[in-house]
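Please examine the fold shown here from its helices to its hairpin and surface.

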Amino acid sequence: MSNEAAKAQIAQEKIVAQFQQLRNEQRNLANSLNTLEMDLREHKTVIETLNAVDPDRKCFRLIGGVLCERTVKDVLPQLMENKEFIAKTIATVTADLSKKGVELNKFKEEHNIKIRGEQIGTDAAKSADTENASKSENRNVLVS
């Protein structure tokens, strides 16, 4: 009997480990997406700034940790190309993130995994209403 319990415990640990791995992968994708979105915003800002500048004006670009002197007309097409590539990559990562979310939810349902702090359906709504009501009653009280 204890042998079966040990096997069940090991199987349970494997399921939890696999679930944690899926969550970590999802978190990594979300972090990558945030980084790419910041890069895209930076590229847009630089492109907007350089569009208003004389094309023969000297500018500097950081390439692989090396600061290179170029002209605006040389740098601007490269920046636009990079911006388009980043936008495509964002679309790909967003699709991968949604697929990973579906995979995670499917795995959760398949193995009946419950996360602490999560409540199901109406229980969550009822407890949220009760908490909000008690908070709103205490919110406007002045005690001296």
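The paragraphs below treat the helices, the strand pair, the cysteines and a surface patch in turn.

This is a predicted model, in which local features need pLDDT of at least 70, side-chain atom pairs count only at pLDDT 80 or more, and totals for chains, interfaces and linings use all residues. Residues are numbered from 1 along each chain as its sequence is written, and side-chain values use heavy atoms, with hydrogens and water left out.

Helices and strands are DSSP runs numbered from the N terminus (H or I of at least four residues for helices, E of at least two for strands). Helix α1 covers residues 2-51 and includes Gln18. Gln18 is partly exposed, with a relative accessibility of 42%; the classes are buried under 20% relative accessible area, exposed over 50% and partly exposed in between, with a 1.4 Å probe and protein chains only. Although Gln18 and Phe107 are 89 residues apart along the chain, their C-alpha atoms are separated by 9.2 Å.

After α2 comes Asn112, with a positive phi near 50°.

The strands β1 (residues 58-63) and β2 run antiparallel and are joined by six bridges; strands pair if DSSP finds at least two bridges between them. Strand β2 spans residues 66-71. Ile63 stands opposite Val66, while Arg61 has Cys68 as its bridge partner in β2. Two residues lie between the strands of this hairpin, where Gly64 adopts a positive phi near 60°. In a regular strand, side chains alternate between the two faces of the sheet.

Cys68 is buried, because its relative accessible area is 18%. Cys59 is likewise buried, at 11%. A disulfide requires a pair of cysteine sulfur atoms within 2.5 Å, and by this rule the count is zero.

Which residues make the nonpolar surface patch? Phe60, Leu62 and Leu67 form it, with an area of about 360 Å². Patch members have over 30% relative accessible area and no salt bridge; like charges are joined within 9 Å, and nonpolar side chains (Val, Leu, Ile, Met, Phe, Trp, Tyr) within 5 Å. A salt bridge here places a side-chain nitrogen of Lys or Arg within 4 Å of a carboxyl oxygen of Asp or Glu. Accessible areas come from the Shrake-Rupley method with a 1.4 Å probe, and for residues only the protein chains shown count as cover. Leu67, which lies in β2, is exposed at 57% relative accessible area.
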